[in-house]
Amino acid sequence: EVILIRSDADGTPDTEFRFENDGNAFADGAWTGSGADFAEYFESTDGTLTERHLACRDTANDLGVKRCAAGDRNVVGVISSSPGFVGNNIVGAEGSLEGNSNFRLVGLVGQIETYATAADGPIAIGDAVTTSSSVNGYAGKANGPSFIVGRALQPLSSGSGVIKVLVQPMWFAGDLLGTDNGTASLLTDVQIAAFEKLHQTITGL
């Protein structure tokens, strides 16, 4: 070990914290900080992608992200302004990617301040939010099935602004599913392309 902290505050002498010479750290308790999300560094050549913008996969750049275009559902997360944990710092303890113009810190899970617009409808607390249909890099209310960035933690009744979003990118079924006493049910007709093709094949025999 490089750093070792021991204590008998609870009546039993034991190790509370240690850093090892390979860079790994261990603690008996929680790691606590003022940040609120888990973020990782992604490569980016998009100079318009800044804090609070939605980040989408850049299909022209392996492992890269770009500012989400209006309606782009390839959302990865939100550019974090105050992460609690940072991963994928590929330079390790020798330095930091912070400030490197070729990388962006994308918040993947947690409470993150996010640019949003009510152009797709007023956003209420708990609403599913996805990429705006009209404003690049902004979140908007998800209307119908879609891949979403998460759930709104604050409302936005009109215009545009910054709200906190519980970022959890996932598929959102919209109004397709409902629940009654714990039982899920379809609320609208669903057409399954594979079954339709099979039906056409059989009836065509």
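**A tour of ring pairs and a buried leucine**

In this predicted model, a search of the whole structure finds three aromatic pairs.

Begin by selecting Phe17 and Phe19. Their rings form an edge-to-face aromatic pair, with 5.2 Å from centre to centre and 85° between the planes. Colour the two residues by accessibility: Phe17 counts as buried because its relative accessibility is 18%, and buried means under 20%. Phe19, at 31% relative accessibility, counts as partly exposed.

Next, select Phe38 and Phe85. This aromatic pair is stacked, with 5.2 Å from centre to centre and 10° between the planes. Phe38 belongs to strand β4 (residues 37-43) and Phe85 to strand β8 (residues 85-87), so the pair ties together parts that are 47 residues apart in sequence. Phe38 has 29% relative accessibility and counts as partly exposed; Phe85 also counts as partly exposed, at 49%.

Now select Arg18 and Phe26. Arg18 lies over the face of Phe26, at 4.1 Å from the ring centre.

Finally, select Leu108, which is found in strand β9 (residues 103-117). Is Leu108 buried or exposed? Its relative accessibility is 17%, so Leu108 counts as buried. Display the residues around Leu108: leaving aside those up to four places away in sequence, Leu108 touches Phe38, Ala39, Glu40, Phe42, Val76, Val167 and Pro169.

Note on methods. Residues are numbered from 1 along each chain as its sequence is written. This is a predicted model: local features need pLDDT of at least 70, side-chain atom pairs count only at pLDDT 80 or more; totals for chains, interfaces and linings use all residues. Side-chain values use heavy atoms; hydrogens and water are left out. Helices (H or I, at least four residues) and strands (E, at least two) are DSSP runs, numbered from the N terminus. Buried means under 20% relative accessible area, exposed over 50%, partly exposed in between (1.4 Å probe, protein chains only). Contact means heavy atoms within 4.5 Å. Rings of Phe, Tyr and Trp (its six-membered ring) pair if their centres lie within 6.5 Å; planes under 30 degrees apart count as stacked, over 60 as edge-to-face and the rest as tilted. A charge sits over a ring if NZ of Lys or CZ of Arg is within 6 Å of the ring centre and within 35 degrees of the ring normal.
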